[in-house]
Amino acid sequence: MDRSNSYHYEFGGPKGCFCIMLYSHFLPYFFWLSLEISQGGLLLPSTLSSDGFSDHFSQIATVFYEKGLPDMNSIFFYLGFLVFQVICSLILPGVWIKGLPVPTENNKQHDYLCNGAASWYVTLILVFVLEKFNILSLSFMAINFGKIMTTSIIFSDILAFIIYVAAEIQGKSIRMSGHFFYDFFMGAYLNPRIGYFDFKMWAEIRVSWILLFLLTLSASVLQYKNQGYLSYSMIIILTAHFLYTNACMKGEECIPTTWDIFYEKWGWMLVYWNLAGVPFVYCFQAFYILKNDPQLPLWWFIILLITLLFAYYIWDSAQSQKNKFRMQMKGTYVKRYTFPQLPWGVLKNPKFMKTEAGGTLLLDGWWQYARKIHYTADIVMATIWGLSCGFGGILPYYYPIFFFFMIKHRSERDFDRCSQKYKKDWEEYCRRVPYVWIPGII
Ligand code: NDP
């Protein structure tokens, strides 16, 4: 455990982290109440009933009391989903991958059973069976959205606290500042795991994205039940969330060596956003579409769909190139047959540079054109999520704007980390690949 006085704070230090925690709780409720009270339009005092503050407050409190408090169904559903995903990750077949050496654990390389693809397919089959035989309709999630969301928020706050305390008790805390809010936010434990079950990777892959897709699917099912069709808007957002979730599952073997797994601790930030924030905030567009049914012209639908697929292709193949290159260098590469394996996803004899720090930096494929081209593709996909809702409101555009600033900040953090790690080699790499976001421009 280290508690240094010259600690380098991120996210605005303890005060910044405290504000982010408050805001992260406010945000999902603001979105949900906007859907409940003003059809997904901005929830302002003027959109509430007009008899002053106490009346506004009671209107919000009534909606919250009736639709936002957890009940036995929401608790069983959410915890049942988590338990089901734990069981899947323990017993289904997958590939075994070694993580990077962990310096704080005597360079131990943890084993990861990457069976995300199998868990994803089993989940989809189960959901289909439950729906088809009227055992549990997906529309349950859309109808009980507020209750399930509150359940997830309370659960993730409690879990983050338990993990923090467990790390302190077990002496597993690393990179600690000594300031409670900051350490709670950033986390204490790097790799909480029982046997080969890794909590952090499970939450990042199995909970956030699968739950997001199921929420969007549930909005689609409800739209189909209510209106008898799936709108162009809904098809776009459903496709976008399917592709994103499917990509995380099919390429799970690339995750153990990513930044979140080898560097970020499992603190409140990751626990909350994986277990509650990502699914319940990112699905806003699907529920906005369900409430408002924006009508997109066919030509616009086609443009959005083609742009989405193109951005997805760059995003998926760029990450595949880098991760598979790294796996090949370490001798851990395994060919997968999960769907879809895209062309140019694996480079043959790529150009790369060796560094004094011991690692390698890819200079080929998409990576020769811009250092964060996959972030750019991700921003384009996020923008399409917003555009799928048409131009009738501004809240659907919150996510692309939030995502842009979040990923820009992440890129700056990553730049700092890589500069420190690779020193002169990083300068040379930046000279050889001068563009960050868009080749030839910026
Ligand atoms: P990256 O995939 O960009 O990985 C960054 C790391 O890759 C660096 O720290 C470095 O690590 C290594 N690296 C950098 N350049 C090279 C190179 N040329 N060759 C080989 N290795 C290199 O970052 P993320 O983990 O942030 O993002 C992964 C994906 O997840 C992105 O598409 C991002 O958009 C997405 N994402 C989505 C979020 C969401 O909420 N939707 C949130 C966060 C990320 P090393 O020390 O190993 O060299």
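Modeller: A helix is here a DSSP run of type H or I with at least four residues, and helices are numbered from the N terminus. The model is a predicted one. A simple example comes before the interface itself. Helix H16 (residues 424-432) holds Glu 428 and Arg 432, which lie four residues apart, about one turn of the helix. These two residues form a salt bridge, with 3.9 Å between the closest N and O atoms. Elsewhere, salt bridges with shared partners link Glu 10, Glu 264 and Arg 413 into one network. Within it, the side chains of Arg 413 and Glu 264 meet at 2.9 Å, N to O.

The interface can now be placed. The domain assignment divides the chain into domain 1 (72-293) and domain 2 (296-442). Their centres, taken over C-alpha atoms, are 22 Å apart. Domain 1 brings 35 residues to the contact, and domain 2 brings 39.

How much area is buried between domain 1 and domain 2? The size of an interface is often expressed as the accessible area lost when the parts come together. For this pair, the buried area is about 3,500 Å², and carbon and sulfur atoms give 68% of it. On the side of domain 1, Ile 236, Lys 250 and Trp 259 supply 20% of the area buried against domain 2, more than any other three residues.

Lys 250, already named for its share of the buried area, belongs to helix H9. Its relative accessible area is 7%, so Lys 250 is buried. The side chain of Lys 250 comes to 2.7 Å from the backbone oxygen of Pro 340. Apart from neighbours within four places in sequence, Lys 250 is in contact with Tyr 312, Asp 316, Arg 336, Thr 338, Phe 339 and Pro 340.

Helix H12 is mostly covered, with seven of its nine residues buried. These are Phe 284, Gln 285, Ala 286, Phe 287, Tyr 288, Ile 289 and Leu 290. Just after H12, Asp 293 has a positive phi of about 45°.

Some features elsewhere complete the picture. In the whole structure, a search finds 16 salt bridges. One of the pairs is Lys 67 with Glu 36, whose closest N and O atoms lie 2.8 Å apart. Because Lys 67 is in helix H2 (residues 53-67) and Glu 36 in helix H1 (residues 13-38), this pair ties together parts 31 residues apart in sequence. Lys 67 is partly exposed at a relative accessible area of 40%, and Glu 36 is partly exposed at 26%.

Arg 417 and Asp 414 form another salt bridge, at 4.0 Å from N to O. They are three residues apart in helix H15 (residues 398-422), so about one helical turn separates them.

Is Phe 184 buried or exposed? Residues under 20% relative accessible area count as buried, and Phe 184, at 10%, is therefore buried. It is located in helix H7 (residues 180-186). Neighbours within four places in sequence aside, the contacts of Phe 184 are Met 21, Asp 157, Ala 160, Phe 161, Tyr 164, Gly 267 and Trp 268. Between Phe 184 and Thr 258 there are 74 residues of separation in sequence and 22 Å in space, C-alpha to C-alpha.

Definitions and conventions:
Residues are numbered from 1 along each chain as its sequence is written. This is a predicted model: local features need pLDDT of at least 70, side-chain atom pairs count only at pLDDT 80 or more; totals for chains, interfaces and linings use all residues. Side-chain values use heavy atoms; hydrogens and water are left out. Domain bounds come from an automatic or database domain assignment. Contact means heavy atoms within 4.5 Å. Buried area is the accessible area (1.4 Å probe) that two parts lose on being put together, summed over both. Helices (H or I, at least four residues) and strands (E, at least two) are DSSP runs, numbered from the N terminus. Buried means under 20% relative accessible area, exposed over 50%, partly exposed in between (1.4 Å probe, protein chains only). A polar contact is a pair of N or O atoms within 3.5 Å; within protein, one must be able to donate a hydrogen and the other to accept it, and residues adjacent in sequence count only if both atoms are side-chain atoms.
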